[in-house]
Amino acid sequence: MVSRVRVWLNRTYAENVFFMDQLRRNPSDRAVEIHATHGDADSPVLAAADTAELEPEGLSPAAYVEFALDQCQRRGIDVFVPRLHQSAVVAHRAEFEAVGTALLAPTPQAVAVFEDKVVAYEAVQAIGAPVPPWWRVRSAEELVFAVEELEADGHTACFKPASGAGGVGFRMITRSPFSMTHLSGFPSPYVPLDLVVEALRQAEEPVDWLVMPRLEQPEVSVDCLTGPDNRVRLAVGRTKNGRRRGFTLHEQWLEPARRIAEGFGLHHLSNIQFRMYGDRPVLMDVNTRPAGGLHQLSQCGINAPWAAVQLALGEDPGEITPPFLGQDYTVVSGPRPLRPVTLPHQRTQEVEPLLPAVPSPAAEPAEAAAADTGTRAITPA
């Protein structure tokens, strides 16, 4: 009888409830138990797991590794999919292996390269993969120089933190003065250059930004599964063009993605993102973890999470080619269960008879649960 596989996901994105669903519905019909930890008690990932714990707050990376090793040993974890403190965790791979846990994560060297976007662009350019022009900016003067260089070539300048994920801190530069236009409708990613320059000059510490041209659609995220032998087993592009999503196997996207995944030891699951710079694709970003939208490959007949777990366990799934490409689709939100709420201890207050006590606003959860994302096909006209 084949034993069950115990998988742990730490402080991951809400959308990975679908990653968990796919592990349970694996084509090998293998029993899978999932452990999840998070800092937010209302994470739907906790509710979707077989066992779950809240993570302690404020741990240093080294202390988190100790916490993780204890979780793996105490919970009998076979495969650990680290997101939080990934860099510190992968540096201790041998210690996790010693307690019987395989890490579904790249090498420490690969994680280090792609933690800093400037270092990543330099390294990727050195192996011949296409990148856009960029400037590392730490002051107002450097920002103005980079913006003027880009605008002279007819581009709109944008910036984002040199280290970061998920589009946090991304802004586009405009020369238009701040006006009611910026206060109408939904918040815009456009910020006036003069306001950014003034904010930089008043800042107490220098920033560390990557400034580059705004890249055009389509955006193509290539999901890769790479073995410890540096050979890619799976590469499929997910296209995004406005609301419309789709899939591609075109080599203009897949060839540079394979080159990056194999060249830098992006073992197991990674996500390599491209956009258009003029008439050619260039690298936008590299995620050294499973993408939140990885589950969408199920529309191409692929269970990528399970193939990755197999690879982590030493059960090579071989080269994976999608049997078909799913039709175009869009992404919509839907409900997902949460764990029952246990209200914190409430201060006793006098209330009118027969009226229920109302918790103070401070007792309410600090954050709403992140929205889960499903997919819906778009039927061609």
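Me: A cavity is a set of grid points where a 1.4 Å probe fits but cannot get out, and its lining residues have an atom within 4 Å of a point. In this predicted model, which residues line the second largest cavity?

Reply: Phe114, Lys117, Ala120, Tyr121, Leu283, Met284, Asp285 and Val286 line it. The space in this cavity is about 50 Å³. Strand 15 gives the largest share of the lining, four residues, and helix 7 also supplies at least two.

Me: What makes six residues of this lining count as nonpolar?

Reply: Ala, Val, Leu, Met, Phe and Tyr belong to the nonpolar class, while Asp and Lys belong to the charged class. The lining has no polar residues.

Me: Why is helix 6 called roughly perpendicular to helix 7?

Reply: Helix 6 (residues 108-115) and helix 7 pack at an angle of about 110 degrees, with their axes 5 Å apart. Angles of 65 to 115 degrees count as roughly perpendicular, so the term applies to helix 6 and helix 7.

Me: Which residues of helix 6 and helix 7 meet?

Reply: On the helix 6 side they are Val113, Phe114 and Glu115; on the helix 7 side, Lys117, Val119, Ala120, Ala123 and Val124. By class, this contact has six nonpolar, no polar and two charged residues.

Me: What makes strand 6 and strand 9 edge strands?

Reply: The five strands of the open sheet stand in the order 6-10-7-8-9, with mixed pairing. Strand 6 (135-137) and strand 9 (190-192) each pair on one side only, which is what makes them edges.

Me: How do you know that strand 7 and strand 10 pair?

Reply: Two strands pair if there are at least two bridges between them. Strand 7 (residues 157-161) and strand 10 (residues 209-213) are joined by five bridges, so they pair, and they run antiparallel. Within this pair, Ala157 stands opposite Pro213.

Me: Which strands of the sheet does helix 7 touch?

Reply: Helix 7 (residues 117-126) packs on the sheet and touches strand 6, strand 7 and strand 10. Its direction makes about 50 degrees with that of strand 10.

Me: How many cavities of 30 Å³ or more does the structure hold?

Reply: There are two. The largest cavity holds about 80 Å³ of space, and its lining includes Leu9, Tyr13, Phe19 and Arg289. By class, that lining divides into six nonpolar, two polar and two charged residues.

Definitions and conventions: Residues numbered from 1 in each chain as written. Predicted model: local features only at pLDDT ≥ 70, side-chain atom pairs only at ≥ 80, totals over all residues. Heavy atoms only, no water. Contact = heavy atoms within 4.5 Å. Axes fitted to C-alpha atoms, helices over the stretch in contact; angles between N-to-C directions. Parallel < 35°, antiparallel > 145°, perpendicular 65-115°, else oblique. 1 Å grid on protein atoms, 1.4 Å probe; cavity = no way out; pocket = protein on both sides within 12 Å on 5 of 7 lines; lining within 4 Å. Points joined across faces, edges and corners; volume = space filled by probe spheres on them.
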